[in-house]
Amino acid sequence: MLHKVHSLLVEKTPTALSRPLKIVPFSLKRKIIERLLQTQFERSLIDGDLDFLENRWLKIEVRDLQLVWFISNVNNKLIVSRSEIADASFSGNTNDLVLIATRRQDPDTLFFQRKLIVEGDTELGLCVKNLMDSIDLESMPKFVRLGLENLANFIESGKRV
C-alpha cells in the first residue's frame, strides 16, 4: 500500500506544483533561471561553447508544470524571455527532465518514446543535446546537484513499484 502511495506521489506531484508556480511572477522565475544558467555555464560562455546560441532562441517547456521560457546567448550572457520566436524547442515532463539532468535517463531513448519532444532547427537542437551530454554533474552548484539527485532517487523509487 505504501508503495502505491509513493508511486502516486511521484506521478501527481508535478501537476500539483503547477498551480502555485502560476502565481509566481515571471520576473522572479526569470531571475532565478538566469542566475542558475549563468552559474552553471560561466566557463562554457568564456570558452565559446555556447556561441551556437548567439542571438538564437531555444524554447524550453516543462509540460506538466505548464512552464515555458526561452533562452538565448546575447553578448555572451544567457538571457531568459517569456515569449520569443523559437529556433528550436525542447519539451518534456518534470520527472523525465530531472532524470535526463541527472544522467539516469538517456535523452535519445525519451526522444524515441516521444516523451522528450525536440522541434525546429535540427542543428541547434543537436548542439543543445550535446551540451546537455557534456555537463559535469559535479560542476553544478551543490544545492542544485543534491536537489536533483534526491528528486531523481524519489522518481526512480516510485517507478519501481
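Does Glu156 count as buried, partly exposed or exposed, and at what relative accessibility? In this predicted model, Glu156 counts as partly exposed, at 23% relative accessibility. The cut-off for buried is under 20% relative accessible area.

**Overall layout**

The protein chain holds six helices and five strands. Read along the sequence, they follow the pattern α-α-β-β-β-β-α-α-β-α-α. Of the 161 residues of the chain, 38% count as buried. The accessible surface comes to about 9800 Å², and 57% of this area belongs to carbon and sulfur atoms. Among contacts with a separation of 6 or more, 69% are between residues 24 or more positions apart.

**The sheet and the helices on it**

Five strands form an open sheet in the order S3-S2-S1-S4-S5, and their pairing is mixed. Strand S3 (77-81) and strand S5 (117-120) are the edge strands, each pairing on one side only. Direction ignored, neighbouring strands of this sheet are turned by 20 degrees against each other on average.

Strand S1 (residues 58-62) pairs with strand S2 (residues 67-74) in the antiparallel sense, over five bridges. Leu58 has Ile71 in S2 as its bridge partner. Helix H2 (residues 26-47) packs on the sheet, where it touches S2 and S3, and its direction makes about 155 degrees with that of S3. Helix H5 (residues 122-134) also packs on the sheet, touching S1, S4 and S5. The direction of H5 makes about 50 degrees with that of S4.

Ser89 is found in strand S4 (residues 88-92). With 12% relative accessibility, Ser89 counts as buried. Apart from its neighbours within four places in sequence, Ser89 is in contact with Leu58, Lys59, Ile117, Val118 and Glu119.

Asn75 lies in the loop between S2 and S3. At 68% relative accessibility, Asn75 counts as exposed. Asn75 and Glu54 are 21 residues apart in sequence, and their C-alpha atoms are 7.7 Å apart in space.

Helix H3 (residues 94-101) is mostly covered, with six of its eight residues buried. The buried residues are Thr94, Asn95, Asp96, Val98, Leu99 and Ile100. Arg103, which follows H3, has a positive phi near 65 degrees.

Leu36 has its place in helix H2 and is partly exposed, with a relative accessible area of 33%. An α-helix has 3.6 residues a turn, so residues three or four places apart point the same way.

**Salt bridges**

The structure holds five salt bridges. Three of them are listed here.

| Side-chain pair | Distance, N to O |
|---|---|
| Asp121 and Arg56 | 2.4 Å |
| Arg104 and Glu156 | 2.8 Å |
| Lys129 and Asp108 | 3.8 Å |

The side chains of Asp121 and Arg56 meet in a salt bridge. Asp121 lies in the loop between S5 and H5 and Arg56 in the loop between H2 and S1, so this pair ties together parts that are 65 residues apart in sequence. Asp121 counts as partly exposed at 27% relative accessibility, and Arg56 counts as partly exposed at 24%.

Glu156 meets Arg104 in a salt bridge between their side chains. Because Arg104 lies in the loop between H3 and helix H4 (107-112) and Glu156 in helix H6 (residues 142-159), the pair ties together parts that are 52 residues apart in sequence. Arg104 counts as partly exposed at 29% relative accessibility, and Glu156 counts as partly exposed at 23%.

Lys129 and Asp108 also meet through their side chains in a salt bridge. The pair links distant parts of the chain, with Lys129 in helix H5 and Asp108 in helix H4, 21 residues apart. Lys129 counts as buried because its relative accessibility is 17%, under the 20% cut-off. Asp108, at 31% relative accessibility, counts as partly exposed.

Note on methods. Residues numbered from 1 in each chain as written. Predicted model: local features only at pLDDT ≥ 70, side-chain atom pairs only at ≥ 80, totals over all residues. Heavy atoms only, no water. Buried < 20%, exposed > 50% of the residue type's maximum accessible area, 1.4 Å probe, protein only. Helix = DSSP H or I, 4+ residues; strand = E, 2+ residues; numbered from the N terminus. Contact = heavy atoms within 4.5 Å. Pairing = 2+ DSSP bridges. Axes fitted to C-alpha atoms, helices over the stretch in contact; angles between N-to-C directions. Areas by Shrake-Rupley, 256 points an atom, 1.4 Å probe, with all protein chains shown as cover. Salt bridge = Lys/Arg side-chain N within 4 Å of Asp/Glu carboxyl O.
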